[in-house]
Protein chains: 2
Amino acid sequence: MTDAATLTATMQQLGRDAVAAQRVLAAASGEQRNRALQAMAAALRAHQPEILAANQRDMSAAAGLGRAGLDRLQLDAARVEAMARGVEEIAALADPIGTVTAEWTRPNGLRFQRVRVPLGVIGIIFESRPNVTCDAGALCLKSANAAILRGGSESHNSSVAIHDCLVAGLRAAGLPDACIQLVPTTDRAAVGHMLAGMTEFIDVIVPRGGKSLIARVKQEARVPVIGHLEGICHVYVDRAANLEMARSIVLNAKLRRTGVCGAAETLLVDAAAQRTHLAPLVRELLDAGCEVRGDAATCAVDTRVKTATEADWHTEYLDAIIAVKLVAGVDGAIAHIARYGSDHTESIVTDDAAAAERFLSRVDSAIVLHNASTQFADGGEFGMGAEIGISTDRFHARGPVGVEQLTSYKYVVRGSGQVRP
Amino acid sequence: MTDAATLTATMQQLGRDAVAAQRVLAAASGEQRNRALQAMAAALRAHQPEILAANQRDMSAAAGLGRAGLDRLQLDAARVEAMARGVEEIAALADPIGTVTAEWTRPNGLRFQRVRVPLGVIGIIFESRPNVTCDAGALCLKSANAAILRGGSESHNSSVAIHDCLVAGLRAAGLPDACIQLVPTTDRAAVGHMLAGMTEFIDVIVPRGGKSLIARVKQEARVPVIGHLEGICHVYVDRAANLEMARSIVLNAKLRRTGVCGAAETLLVDAAAQRTHLAPLVRELLDAGCEVRGDAATCAVDTRVKTATEADWHTEYLDAIIAVKLVAGVDGAIAHIARYGSDHTESIVTDDAAAAERFLSRVDSAIVLHNASTQFADGGEFGMGAEIGISTDRFHARGPVGVEQLTSYKYVVRGSGQVRP
């Protein structure tokens with residue numbers, strides 16, 4: 001245990017160092033930042049044995065974590081290689097900093113440019129996945145932001161070993177160590193400091209983890225937060241849906257991976273398609289090993305269907321369970337999603353172009369899809385490269401958050417002596 | 001006085017009504033929103049006598065407000081006409097909603113669009129200027145956001161009369177009254193509700209007023225805030241500045257209007273220009289009636305100069321007072337601004353292109369200018385049309401906040417049955 005005064009001093013120093021390092025970073029070239037990223041990838045490969053040994057210590061100490069938790073924590077050679085390749089892919093992305101996103105001249109001759117600049121210092125609070133150290137650190141560096149990383153105590157040894165490689169990369173490119181800092185203590189009070197005690201230093205907080213972490217961050221943070229609480233994603237199968245396409249999209253949206261935020265949690269079927277589409281879709285899900293909780297019409301399809309309660313429409317299962325309901329056409333689907341959705345990702349399956357456009361324009365989620373799986377909710381699938389997460393907020397970034405979304409902008413105005421009348 | 005339970009019920013109802021109205025607004029066409037704006041302008045002109053009579057009641061009750069306060073509160077025929085014209089100008093702006101700001105296709109055939117959507121419900125908290133009712137209401141409507149307006153108690157009668165005209169415009173275009181609501185009570189506790197008790201309904205808060213209001217809002221708000229605390233704007237006169245241009249820009253930046261956030265508060269002069277530029281600039285300011293508070297070199301120029309204290313470099317005077325200091329070239333200016341600035345607006349005067357570019361890239365403010373007055377820090381001067389304010393935050397909107405900055409976006413993805421491998 002650290003005593004409170006020491007912790008405060010440590011965290012304040014981390015903050016000051018991050019701000020100073022970020023100034024250097026903002027003035028560094030994109031080429032220099034990329035050189036650091038390349039050197040990080042090389043260091044991760046070179047130090048694979050140390051990383052795996054550190055991870056082994058974490059795994060031994062975390063035996064009580066449960067199977068899913070241990071899987072999130074565990075590293076192996078393939079996972080270390082995937083981290084290194086991820087960093088190289090981030091290096092290969094276009095440099096977002098300095099990009100001119102708008103440009104115009106006023107009648108008085110003033111020339112305006114809107115130019116991308118870094119957000120500043122980003123605090124990342126995560127749980128057991130040690131690779132977040134690497135992904136988040138690399139994304140922040142690419143976008144010329146300083147990062148302060150705070151990982152879960154169960155992955156601390158792994159995070160330290162990975163962080164050592166990131167620092168080696170920074171040094172190889174002549175950048176300050178403090179561009180990417182790892183909070184050196186596992187004291188839980190450090191999180192409170194990042195959320196509310198370092199507003200002078202931290203510009204944005206990105207939480208990565210389960211719902212209770214995100215809820216705490218959203219509740220306590222005194223700086224802006226990029227993130228999402230949950231992904232209650234819907235697939236709506238319209239009367240004009242091609243049944244084969246609907247089947248393929250529903251199964252993929254629910255079952256490809258059940259633990260990701262873009263996994264479908266509720267299937268809405270057009271009442272006009274009850275006789276044609278409902279039974280085949282429900283049986284296919286059941287046969288694939290998915291638990292189905294349905295309304296009365298759905299229960300009538302198969303004895304294996306359980307009765308859904310009001311809570312089911314609100315639930316992000318993150319598991320092989322789906323809630324199924326008949327709705328009155330596209331407007332019924334839009335109304336259900338407005339009431340129960342989490343503004344994350346929703347898909348309509350239909351061959352009716354007018355119904356599709358109505359759904360796409362009226363459903364007010366970060367991502368709306370037509371004839372495609374909700375599991376495409378991912379920065380990589382969007383072509384953004386890696387993402388630091390998905391935002392369901394309406395402010396600043398919405399949807400996948402890649403390097404562009406980790407920037408702000410400023411206005412550069414060039415004149416020839418203009419004064420305002 | 002309203003009792004607490006009644007106030008809570010009133011505010012919750014305002015929130016629910018705003019959300020419902022915003023859904024209607026999001027589905028309305030830009031043409032329909034413009035029709036409402038045109039009808040509002042007509043209503044403001046038609047009801048000028050009622051507005052002025054209401055304003056007279058506010059003026060009589062507010063005799064103790066002081067000259068500046070009374071000037072902010074007072075309306076006359078010209079000010080009502082300016083409000084009506086302002087609303088027409090907002091109607092004439094391009095519709096931001098539905099604009100596609102990026103579009104691409106992935107190798108798997110998925111077609112992506114990023115589309116502008118409204119932020120949702122915007123809460124505006126302002127002080128004595130009754131015209132904010134009109135400007136803010138019109139900007140929110142143009143951007144398809146619902147507005148909940150809370151004005152100062154001293155301008156309540158004026159705001160009610162203006163708000164009646166806005167509602168008349170909404171009705172004429174067939175839009176719900178609740179698109180623009182005015183908090184019906186002057187109970188100060190209503191502000192607390194908007195800041196922290198209506199997170200379910202209000203998406204963003206915009207404070208318009210003095211530093212103490214903004215500070216309270218930033219402290220208490222549980223939803224994102226668009227605004228700026230203060231504008232400590234700098235003009236830096238470089239060794240390579242044309243003296244005549246420097247003189248014209250410095251006088252304009254400080255004295256054109258001293259009470260606006262883009263007014264210069266500190267003049268930095270290159271030490272290498274001490275003998276050529278410092279004395280003429282300081283004397284010109286003094287002769288124009290500006291108080292000058294300077295460092296030792298500046299005090300040596302003229303006996304009328306007062307000695308600046310550390311506090312002066314931190315102060316937004318909003319008055320005919322300027323702090324003046326010699327700095328060691330462009331890097332000295334950059335360092336001073338990094339230490340004392342408020343990230344609002346700074347200008348460099350120089351004929352040296354390299355010095356200008358160094359200043360423009362290294363000064364990390366929302367607006368940086370070369371050879372132009374800081375008083376151009378204004379959405380109208382940027383060509384954005386009206387603005388709801390200027391942001392010095394790095395998150396979401398930075399600089400002037402016009403209708404485009406009052407939007408969020410969503411991703412619309414069109415496929416042909418794609419599932420994720």
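**Close-up views of a predicted two-chain model**

**View 1. A:T266 lies opposite A:A323, a residue of β11(A).** The model shown here is predicted. The two strands in this view are β8 of chain A, residues 264-270, and β11 of chain A, residues 321-327; they pair in the parallel sense over five bridges.

**View 2. Ten strands from chains A and B make up an open sheet with mixed pairing.** The strand order is β10(A)-β9(A)-β11(A)-β8(A)-β7(A)-β12(A)-β13(A)-β16(B)-β2(B)-β1(B). At the edges are β10 (306-307) of chain A and β1 (100-105) of chain B, each of which pairs on one side only.

**View 3. Strand β13 of chain A, residues 367-372, pairs with β16(B).** The pairing is in the parallel sense and runs over five bridges. Within it, A:L369 has B:V413 of β16(B) as its bridge partner.

**View 4. Chain A and chain B each bring 51 residues to the contact.** On the side of chain B that touches chain A, the elements that each supply at least two residues include α10 (243-255), α15 (353-362) and β16 (407-418). The largest share of this side, eleven residues, comes from β16(B). By type, the residues of the side of chain B that touches chain A are 24 nonpolar, 16 polar and eleven charged.

**View 5. A:E404 sits in the loop between β15 (399-401) and β16 (407-418) of chain A.** Because 19 other C-beta atoms lie within 10 Å, A:E404 counts as partly exposed; a buried residue would need 20 or more. A:E404 and A:D95 are 309 residues apart along the chain, and their C-alpha atoms are separated by 8.7 Å.

Methods
Residues numbered from 1 in each chain as written. Chains lettered and ligands numbered in written order. Predicted model: local features only at pLDDT ≥ 70, side-chain atom pairs only at ≥ 80, totals over all residues. Helix = DSSP H or I, 4+ residues; strand = E, 2+ residues; numbered from the N terminus. Buried ≥ 20, exposed ≤ 12 C-beta atoms within 10 Å, placed from the backbone. Pairing = 2+ DSSP bridges. Contact = placed C-beta atoms within 7 Å. Nonpolar A, V, L, I, M, F, W, Y, C, P; charged D, E, K, R; others polar.
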